[in-house]
Amino acid sequence: MIPILFEKNTESFNSNGIGCLADVVSCIVEEERNGAYELEMRYPIYGIHYEELVMSAIIWVTPSEGKNEQAFRIYKITKPINGIVSIYAEHISYQLASIPVSRFSASSASAAMAGLKEHASVRCPFSFWTDVTRGGTFSVEAPAGIRSKLGGTKGSILDIYGGEYEWDNYMVQLRAQRGRNDGVSLRYGKIITDLSQEENITNTITGI
């Protein structure tokens, strides 16, 4: 799929927005389990719609085969090198970091997820869903960004209930498990044809 460029305030992606970025050189999306979800794109300065590639604009792209198209918001654009710029964008769900949630508590994952939207201090365009049934008490003691309460901090929903997040544009899903076990094992010389190991001691501490 050719990436499509949208205005920064777009919440519906049922059109071609500003237009297709047909001259894209490369576009790579990387997602970590319960971690970073970002896009890196290289685009020529003579390419169509280059002038509209600005901070906070949204790039709509298919992250991988079989996945729904996702929205990524531009947060960094490099200076041109040989007429090519590198554009970095983060998944639209990062917007949750700037949506504060007020104090509340919940005794289940489903109640905690629902409470994030119910107690949002400003308009929240996101929806929340979970199939995690593990019990436990979750609480927001002081106003904080919703994304920090989803995971990555002590006492977050992920910290208390576990699970794996699946980000689908403005839908946040906490699943007990993403994907499935097909019983495939990785064996060197069969499925794995090459293996490399890197050693790095740059962060080693020898004394305090």
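Terms and values in a predicted model

The protein chain has three helices and 14 strands, where helices (H or I, at least four residues) and strands (E, at least two) are DSSP runs numbered from the N terminus. This is a predicted model, in which local features need pLDDT of at least 70, side-chain atom pairs count only at pLDDT 80 or more, and totals for chains, interfaces and linings use all residues. Residues are numbered from 1 along each chain as its sequence is written, and side-chain values use heavy atoms, with hydrogens and water left out.

Q: Why is serine 86 called buried?
A: Buried means under 20% relative accessible area, exposed over 50%, and partly exposed in between (1.4 Å probe, protein chains only). Serine 86 has a relative accessible area of 15%, so serine 86 counts as buried. The residue lies in strand β7 (residues 84–91). Of the 208 residues of the protein chain, 37% count as buried.

Q: Which residues is serine 86 in contact with, leaving aside its neighbours within four places in sequence?
A: Contact means heavy atoms within 4.5 Å. On that basis serine 86 is in contact with Glu40, Met41, Arg42, Lys76, Ile77 and Thr78. Across the protein chain, 53% of the contacts with a separation of 6 or more come from residues 24 or more positions apart.

Q: What makes β3 and β4 a pair of strands?
A: Two strands pair if DSSP finds at least two bridges between them. Strand β3 (residues 26–31) and strand β4 (residues 37–44) are joined by six bridges, so they pair. The two strands run antiparallel. Isoleucine 28 has glutamate 40 in β4 as its bridge partner.

Q: Where is glycine 35, and why is it called partly exposed?
A: Glycine 35 is in the loop between β3 and β4. Not counting residues up to four places away in sequence, glycine 35 touches Tyr94 and Arg147. The C-alpha atoms of glycine 35 and glycine 152 are separated by 8.2 Å, and these residues are 117 residues apart along the chain.

Q: Where is serine 56, and why does it count as partly exposed?
A: Serine 56 is in the loop between β4 and β5 (58–61). Its relative accessibility is 28%, so serine 56 counts as partly exposed. Phi of serine 56 is near 75°, a positive value in a residue other than glycine.

Q: How many disulfides does the rule give?
A: A disulfide is a pair of cysteine sulfur atoms within 2.5 Å. The count by this rule is zero. Cysteine 20, at 31% relative accessibility, counts as partly exposed. Cysteine 27 is also partly exposed, with a relative accessible area of 29%.

Q: How do you know that the buried residues of α1 line one face of the helix?
A: The buried residues of helix α1 (residues 109–118) are Ala109, Ala112, Met113, Gly115 and Leu116. Seen down the axis of α1, these residues fall within an arc of 160°, so they line one face. The arc is that of the directions from the helix axis to the C-beta atoms.

Q: What makes β10 and β13 edge strands?
A: The open sheet has three strands in the order β10-β14-β13, with mixed pairing. β10 (127–130) and β13 (164–168) are the edge strands, as each pairs on one side only. The twist averages 20° from one strand to the next, with axes fitted as lines to C-alpha atoms (for helices over the stretch in contact) and angles running from 0 to 180 degrees between N-to-C directions.
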